Amino acid sequence: MSDLLDVLKRHPFTNQYSGEEVKELSQVCSSVPFEAGEYLLKENEVCDRFYLLTTGLVSIELRMQGGEMLRLQTECAGATVGWSWLFPPYRCQFDVRALESSKTIAVDAPEMRRLMAQDPLFAYRTTFEVLQTVVERLSQSRLQLLDIYSTTESRS
Amino acid sequence: MIPQLFKVTRREQDNPETFTLVAESQDGAPFHFAPGQFNMLYVFGKGEIPISISGAPERSEQVVHTVQDVGLVSHAVCELQPGESFGLRGPFGRGWPVEKTRGRDLLLMAGGLGLAPLRPVVYEVLAKREDFGNVVVLYGARNEERLLFQEEIREWRRADIDVMVTLDLAAPEWHGRVGVVTSLCRPALQMVDLEETIAFVCGPHIMMRFSVRELQKRGLPADRIYISAERNMKCAIGHCGHCQFGPKFLCKDGPVFSYSELQPYLEVREL
């Protein structure tokens with residue numbers, strides 16, 4: 001448990017938490033490794049956990065009609081994957097799959113929501129961290145949509 | 001101001017729209033330049049365009065340009081074949097402050113063709129690797145087909161340069177990173193000493209704007225971030241005013257500036 005606590009303390013997700021809050025969080029966490037190709041989350045499944053990545057690389061994907069896969073973004077160590085656990089109906093929006101051997105800390109989502117309901121300050125800090133991730137990904141997605149490297153790029 | 005004659009000795013296609021041309025002076029004179037400087041290339045009967053130099057500074061027997069085929073003149077440059085001649089004026093402008101980075105960590109952030117003007121910096125690092133701290137290259141491209149210098153990137157990695165590549169659009173068989181180049185800032189800045197790092201950023205204007213913002217958000221001050229600005233260079237010696245940006249002439253005062261130098265003018269929407 002102390003190893004898990006150390007890893008949690010170093011992860012950016014806990015930047016806003018007090019020492020006590022990190023300990024509290026550690027009670028609802030477990031270390032979960034993934035091999036390349038294994039799914040962390042699957043689209044439309046109940047999102048009963050989210051992951052703090054500590055090593056490796058994972059891909060956020062969308063399965064298209066006919067089975068073709070569209071890779072939207074990748075995330076590496078230090079990232080938080082999954083936010084659908086925080087908002088009803090608590091279902092995953094996309095697939096998340098390990099592209100290489102990856103270590104994660106899995107957080108039990110129902111337990112996390114219970115802790116948040118008991119402690120508004122903990123809930124605020126958690127929501128703040130999740131929203132930071134949402135804002136970052138939204139901003140990156142908008143840039144991706146701009147197609148900034150199309151043939152109108154400046155250096156030519 | 002008078003173009004010198006150069007002859008193409010090698011032409012390589014980097015991707016469907018981008019070509020690298022290696023050329024030599026017809027009078028055999030050596031060509032010296034600093035990383036980040038540019039030349040004015042003149043194709044007879046077509047016109048003249050500014051192109052950054054993408055070769056190694058120590059290879060003074062040749063000059064290398066990487067050009068994307070996007071307009072009349074750039075198309076004519078890309079069509080030049082080995083043995084054919086063109087006019088060259090240069091080198092012009094102020095390049096990357098490589099000397100300032102010796103003994104420190106260096107972050108090179110490139111988007112699309114922006115890797116070409118940064119490549120001479122990598123060559124400088126490779127020439128004396130022990131003079132530099134951690135060197136990290138962040139490179140974003142539209143898709144795998146558009147990636148530049150792939151074989152060289154493998155060599156850079158073998159020479160103790162960390163290179164992180166990301167694609168905006170990836171096919172299922174791509175097993176690397178996907179997302180905009182700014183998404184690499186977080187992991188990259190964990191690999192360097194933030195207090196000792198200097199960043200060089202080059203790419204499309206929007207890419208540079210958001211990259212600088214991301215670097216600043218993560219603690220890198222504006223005076224340690226350098227960008228390569230480019231706009232309508234014509235005379236290349238600060239006389240015609242085509243590239244004027246506020247009080248600066250980008251061709252003569254730049255194209256490389258510290259972000260703190262340009263920031264006041266970049267924030268004026270009308271400029």
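Me: Which side chains meet in a salt bridge at 3.6 Å, N to O?
Reply: Those of A:Glu75 and B:Arg186, a salt bridge being a side-chain nitrogen of Lys or Arg within 4 Å of a carboxyl oxygen of Asp or Glu. This is a predicted model, where local features need pLDDT of at least 70, side-chain atom pairs count only at pLDDT 80 or more, and totals for chains, interfaces and linings use all residues. Residues are numbered from 1 along each chain as its sequence is written, chains are lettered from A and ligands numbered from 1 in written order, and side-chain values use heavy atoms, without hydrogens and water.

Me: How many salt bridges are there between chain A and chain B?
Reply: The count is 4. On the chain A side, β5 (69-76) and α4 each supply at least two residues that touch chain B. β5(A) gives the most, with 7 residues.

Me: And how many residues are in contact between chain A and chain B?
Reply: 26 residues of chain A and 44 of chain B (heavy atoms within 4.5 Å). The area buried between chain A and chain B is about 3000 Å² (accessible area lost by both together, 1.4 Å probe). Carbon and sulfur atoms give 52% of that area.

Me: New topic. Where do α3(A) and α4(A) meet?
Reply: A:Met112, A:Leu115, A:Met116 and A:Gln118 in α3(A) meet residues of α4(A), among them A:Phe122 and A:Thr126. Helices here are DSSP runs (H or I, at least four residues), and strands are E runs of at least two.

Me: At what angle do the axes of α3 and α4 of chain A cross?
Reply: Roughly 125 degrees, and the axes come within 5 Å. Axes are lines fitted to C-alpha atoms, for helices over the stretch in contact, with angles from 0 to 180 degrees between N-to-C directions.

Conventions
Buried area is the accessible area (1.4 Å probe) that two parts lose on being put together, summed over both.
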